[in-house]
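Okay, thanks for coming, everyone. I'd like to walk you through one model today, so let me put it up on the screen.

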Amino acid sequence: MFYREAGQFKTSYKADQALMPILQDRVGLIAILGVAFIVIPAFANDFFLTSIMIPFLVFSLAAIGLNVLTGFCGQLSLGTGAFMGVGAYAAYKLTTIFPDANVIVMVLLSGVFSAAIGAVFGLPSLRIKGLYLAVTTLAAQFFLEWCFIRIPWLYNNNASGAIEVPHREMFGIVVSGAEATPIVRYFIVLCITAGIAFLMANVLRGRIGRSWMMIRDMDIAAELMGIRPLQTKLMAFAVSSYICGVAGAMMVFFWLNAAEPSSYSIALSFQILFMVILGGLGSLGGSFMGAAFIWILPVFLKFIPGTLGFDVAAETVEHVTFMIVGALIIFFLIVEPHGFARLWQIGKQKLRVWPFPY
Amino acid sequence: MNALVTDSSMTSAEAETQVERELLLRVDNVSLSFGGVKAITDISFDIQKGEIRAIIGPNGAGKTSMLNVINGFYHPQEGTITWQGKVRRKMKPYEAASQGIARTFQNVALFKGMTTLDNIMSGRSLKMHKNFFWQLLWRGPAEQEEIEHRRKVEDIIDFLEIQAIRKTPVGRLPYGLQKRVELGRALAMEPELLLLDEPMAGMNLEEKEDMSRFILDVNQEFGTTIALIEHDMGVVMDLSDRVVVLDYGKKIADGPPEEVQANQAVIDAYLGVSH
Amino acid sequence: MLYDIFIDPFVQMYEMPDFFLQVLWEGFVAGILYALIALGFVLIFKASGVFNFAQGIMVVFAGLTLVGLHENGVPAYLALILTIGVMGVLAYGVERVVMRPLVNQPDIILLMATIGLTYFLIGFGEFVFGGEPKQMITEELGLPTGSTAFEFGERGLVILQHIDIAAAVIAVIMVAALGIFFNKTRIGRALRAVADDHQAALSVGISLNQIWAIVWFAAGLVALATGIMWGARSDVSFALEIVAFKALPVLILGGFTSIPGAIVGGLIIGFGEKIGELYWGGLVGGGIESWLAYIIALIFLLFRPQGLFGERIIERV
């Protein structure tokens, strides 16, 4: 009743291929943006911002990055964590080499480095497909992780082997370093994530996005229709790695303040992959939903025993969390292999025909 | 309708073919083998501009392999392929596509995750050039380009009478319609030469009639040259201008339908005579 | 610099042959263990097309169950039998809960499900038996623990751990047993039929579910054997997970469906990794063991995408 396109006629191709052709979708998006930009900053406390919203947005962006590669171009990657790491280390080096430069520009620039490295590790994708490719991306993961440990130049020879975010200001406001307030960090992360998500939505509905999906759905047919496989795949690797790199840089600059090589381990790669799969391969909105689920669920689980009055060791909670997350992943894969994005679509379809079943 | 064929800007290659106008493609002494298995042995034939050329033969005769050779997917060990008067070097499939060879597949090879509209739009990929940064912005040139090509794609959708399934993911379509969408996708490339690999396999009579009509229309209205593999002899005899017959990777007959029909070697191949 | 890369390592090999032999032996043993993990992968992949990411964790889980039971007062051999039982239950459970509902899903979904299984097993294992590393009960199981030193040349010494020899012997026996099982028994034939074509196998009356349960159980047994051998060399803990990933490049080298491939691939990776680390690793600061295997596999794949024993891929349209 409330959600249907009946009566919304399109009189031009331009209107027909708009990002959100249905009015209700546009209203919904504006409402979400309103909540994100106004309601949350106005009412949320610091804990909510730093422990939930900022990591959620960072992970959403990383999930979008991986989704571009795996969901849209069909190239399975297990090296996301390392590409995020490249972004983080590149941003760190850039800000220490150019101390006066704008830190946000540096964060955005750092993605270029991970894009280049991602493209290099994407080269084998021309000859290697499917699961084989997934295994070779592990090479990227372990090799880059090793670089983060063994090349002291990358962390400016810090004794701890970690990178620590320097104190930087912009227009008189502290934006990075330990003194930056959660609200400032939140706004920066929100703007970058929303901006990149919007730009990607544009790319994905145009020629380039279509050529990625062609490769994903049927690579041979795509090639016979004039798509150059190597260029197209490398571009997907580069774009995906750029986004992951920016997410990785944001992760350390606006969330953690300091990071070690182990922050960008294979565990992170899996975490992002879960977000993408559970959210829905090939769906931008799904990336957000997957990130929310995978990040917020463990946070939530941590508080259950306490609120119920049980006194359980932190270790046990962690183990149980692992079990529950593992079981839930299998559960959701069985219930809806296409992820939350598909559930969302089904829900919309139901709304469309409501109050009738179909 | 005319919009569909306007793109053929005069290239130098085409200017040369003015001299030798008739021949679009010639295959000379082509042999192809996989390991020790010979798929195609010493085959020569040609395709003239504007004709419907049928390739027939029993199963395993090497028909599909022949198409794969023509559009650069397989590389023959021997023989040459002359395209528009020029001997073609070993090339990648996407190069063949950019020279104007389009193709449909024996087993429907649509992009299953995409809608009908997107599938046909994907046929326009080669004609769209706005780069990544315009795509990022969308507003402006990228959107203009998209609309321009959307218009052409809509023409094809009208032509094939598939307006109703424009926004349906192709995976959900029945087989006959999928074949039609696949034809549309190939047409969107505005090809010089259209290779159809069993366009009517698994169709009922009505669907076959529709498809035959589309193929004839494509050939007559747009002047597209068509090479066609088909098992339904009735269709082949009605549609094609000339027929080449393969058996066990060898050419056994070549000529107009009536002639081929009467050829003893062809009859033997189909009815089975001990070799 | 060039001297360090191209000449010096070989000079070292020549001058200290005993050390080189020792390195080869280490590589051999590591290779056997990788091969055993890869074997579990191959079994499951052959029969169901599932890339079982959890195989490495199953190794740890099996070892942990065995040790954990023993710690709680169960005699060693009874613990072994019970662990086999646990692996059976696990196989049945996986078939019932994961495989059956997900049949016919794309590869990546099945892969994700096994990663989910990995998380579950890690959490479950640590929840039940605790997260700290444990000692493998090598002696209690009657496995040899000593070592023998062979004199080599004039002053050289090569030390072989008995447990390593036992591991090699057990690996050989297991591969032979699997070979016989696959080629000579009725279930083995059914397995191969399922591996070739699920639907065709179904149509001649082979129960997919039964086959899958059997295959997962077989993979569980392989995992248990691997877990014991591996645990005897180091501690039993989920830190082994990272090492278990090494089975993946092994698979790439050998092909996902070839048992001999898994063995040969395992040995190549084992040798390559140890030799690379000890003779070349120092040049770049060491620790290259963590990625060398993947790079070897990657380079190899570029030249032979189908693996060592795979057939040449002819793409068709």
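Before I point at anything, two residues are in contact here if their C-beta atoms, placed from the backbone, lie within 7 Å. With that in mind, look at C:V215: leaving aside residues up to four places away in sequence, C:V215 touches C:L43, C:I44, C:A47, C:S48 and C:L191.

Some housekeeping. This is a predicted model, where local features need pLDDT of at least 70 and side-chain atom pairs count only at pLDDT 80 or more, while totals for chains, interfaces and linings use all residues. Residues are numbered from 1 along each chain as its sequence is written, and chains are lettered from A and ligands numbered from 1 in the order in which they are written.

Back to C:V215. It is among the residues with the most contacts inside the largest nonpolar core, along with A:V58, A:A88, A:V246, A:M250, C:A35 and C:A38. That core has 293 residues. By core I mean buried Ala, Val, Leu, Ile, Met, Phe, Trp, Tyr and Cys residues joined through C-beta atoms within 7 Å. Buried means that 20 or more other C-beta atoms lie within 10 Å of the residue's own; 12 or fewer is exposed, and in between is partly exposed, with C-beta atoms placed from the backbone.

Helices are DSSP runs of H or I, at least four residues, strands are runs of E, at least two, and both are numbered from the N terminus.

On to chain B, which has 11 helices and 10 strands. Its radius of gyration, taken over C-alpha atoms, is 19 Å, close to the 19 Å from the globule rule (2.2 Å times the number of residues to the power 0.38) for 275 residues, so chain B is as compact as a globular protein of that length. Of those 275 residues, 44% are buried.

Six of the chain B strands make an open, mixed sheet, in the order β6-β7-β8-β3-β9-β10. Strands pair, by the way, if DSSP finds at least two bridges between them. β6 (101–103) and β10 (250–255) of chain B are at the edges with a single partner strand each, so one side of each has no neighbour in the sheet.

Is β3(B) enclosed or open? Five of its five residues are buried, so β3(B) is largely enclosed by the rest of the structure. B:I52, B:A54 and B:I56 point one way, and B:R53 and B:I55 the other. β3(B) runs parallel to β8(B) over four bridges, with B:I55 partnered by B:I229. It also pairs in the parallel sense with β9(B), again over four bridges, and there B:R53 has B:R242 as its partner.

Last, there's a second open sheet in chain B, four strands in the order β2-β1-β4-β5 with antiparallel pairing. Its edge strands, β2 (37–48) and β5 (86–87) of chain B, pair on one side only. Two bridges link β4 (78–83) of chain B to β5(B), and B:W83 has B:K86 as its bridge partner.
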